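Hi there,

Here is the structure I promised to pass on to you. Have a look at it first, and then read on for my notes on its backbone.

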Amino acid sequence: MRTSQYLISSLKEVPKEAAVESHRLMLRAGMIRQIASGVYTWLPTGMRVLSKVKKIVREEMDKTGALEIAMPMVQPAELWKESGRYTKYGPELCRFKDRKENEFALGPTHEEVVTDIARREIKSARQLPMCLYQIQNKFRDEIRPRFGIMRGREFLMKDAYSFHIDKASLEKTYNDMYNAYSNVFTRMGLEFRPVEADTGSIGGNHSHEFQALADAGEDTIAWSDGSSYAANIEMAEALAPTYDREAPKADYSEVATPGCHTVDEAAKALGLPSNQVLKSLIVHGNKNEDGKYELVMICLCGNHELNEVKAIHIDGINDPLEMATEEEINEFTGAHTGSLGPVGFKGRILVDRTADKMSNFACGANKTGFHLINVNWDKDISNYEVFDLRNVEEGDQSPDGKGTLHLRKGIEVGQVFMLGTKYSEAMSATVKDESGKDIPMIMGCYGIGVTRAIAAVIEQHHDDRGIVWPEAIAPFKVAIVAIKLNKSEEVKATAEKLYADLQAQGVDVLFDDRDERPGVMFADIELMGIPHIITVGEKSLKEGSIEYKLRKTGVKENIALAAALETILSKLEK
């Protein structure tokens, strides 16, 4: 491709709206342009990267025996109502009506559609297992689209769905997909970790996420330095302390703490460390006969954070997790949210494992502007339940008992699920077993965020000059920069021949034939992240050579013109 025939839309200025490096560089390198909040047009450079990533994904999916299909983004609401997700999914599901008042949704995922296909097309258990996949745009009406394509509303996704007669068959396909995903992300040049994950709104009973390690990630993953254990922090178990509580020292007493609304403020006023002050939160439980939510108190050490996913997995807690309003709390306890505690609380009390080991602690008095000190479990609060409710922290013991935990930020680029029969039962997607009985097919679900994975690669592969693409997904493998092309016949002839020879070898080449200053040309090529850069100029040609530069290291070398093609080809990945 010649730059004179190509759309280079590079930007010199850093876009103000971009908060992470991948967003900044995708805009500056002319890969994408925003057309609406969270919705982007992909320009030629971006499309070339996108095409190469899709090719890798297709190759690895096809190796597993999965079959490619194309399902519509516009989905009938009836299918979502069958599965029960039409109302449960939430506002991220974009709902609308056509001119005949039929209800539809823009697909954020395709479990319902593919289950409908399976119940229509799979007639016999002999056709199983079967895995269907697609690479298609999705739409989720994100509340706060941000970070460019990393958290957009419209995005490209590879989603696959498998159907089975038994669990053993599902486990085999799950492992095949797990390995295929590892291959995809390795070929893309990503540093990643597969981690145990929550199944979220998709459902199912077992899941792994593939997390690309990056400071810009929105997820936190916990990994052990003594084993292969790794999990999303949502799923990482915080083990119960092995020490015993101290004995009570005195009866509790009330202390005035005016203006204290947080744990840190109360700790300072009481002269205690924050881990000796109980954090008491009130959330919605189930609705009672009057249609009002029951109020449930969750208690943690003051220096710990609530893990919402763990909380909603407890029977009787509303999903999604909702904090009680100030009005609800005042009506139920008569106190401000900053003065809450379990002593005398009339509702259900859930206590984190670590908080359960606290003794002689301080907590809110359920009386605005007051706290209690020297409070003890069992002695002062008898009716409570103990659960794992907190986020793990750096240095905690690994749940498998091997080593300690460390925390890293990650970008979720893929996830695999064992769905079980959640959708097939709800939508009557059955086959006959050996006895002739209709049984629901067992399902698996496997997704790759194709566009998000590209952003993750950039987060891991960039420098102060621009993107540094892994060769497998670079928009072009080689760039030829011809200096003063229109003023030197020798430069022009050499560059043209090298361009033709590389193309004949099937190499993706960008030939910069613009009448521009060398600084402008090099800045664009490096910003675009092309791995191998060849410079053809009069000075080096007089010495019978051309200049080669490896974008990743910045190292330059002169290579003999007579052996230029062979030398360049030897430097490319096979």
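Let me begin with N366, which is buried at a relative accessible area of 14%; buried means under 20% relative accessible area, exposed over 50% and partly exposed in between, with a 1.4 Å probe and protein chains only. N366 sits in the loop between β17 and β18 (370-375). Its phi is near 55 degrees, a positive value in a residue other than glycine.

Before the rest, a word on the background. This is a predicted model, in which local features need pLDDT of at least 70 and side-chain atom pairs count only at pLDDT 80 or more, while totals for chains, interfaces and linings use all residues. Residues are numbered from 1 along each chain as its sequence is written, and side-chain values use heavy atoms, leaving out hydrogens and water. Helices (H or I, at least four residues) and strands (E, at least two) are DSSP runs, numbered from the N terminus.

N360 also has a positive phi, near 50 degrees. You will find N360 in the loop between β16 (348-352) and β17 (361-364), and with 11% relative accessibility it counts as buried.

Now to the peptide bonds. Most residues other than glycine have a negative phi, and most peptide bonds are trans. A cis bond links L128 to P129, with omega about 0 degrees; P129 belongs to the loop between α5 (111-121) and β7 (130-139). Another cis bond joins D319 and P320, where omega is about 10 degrees. P320 is in the loop between α8 (308-312) and α9 (326-333).

Enjoy exploring!

Best wishes
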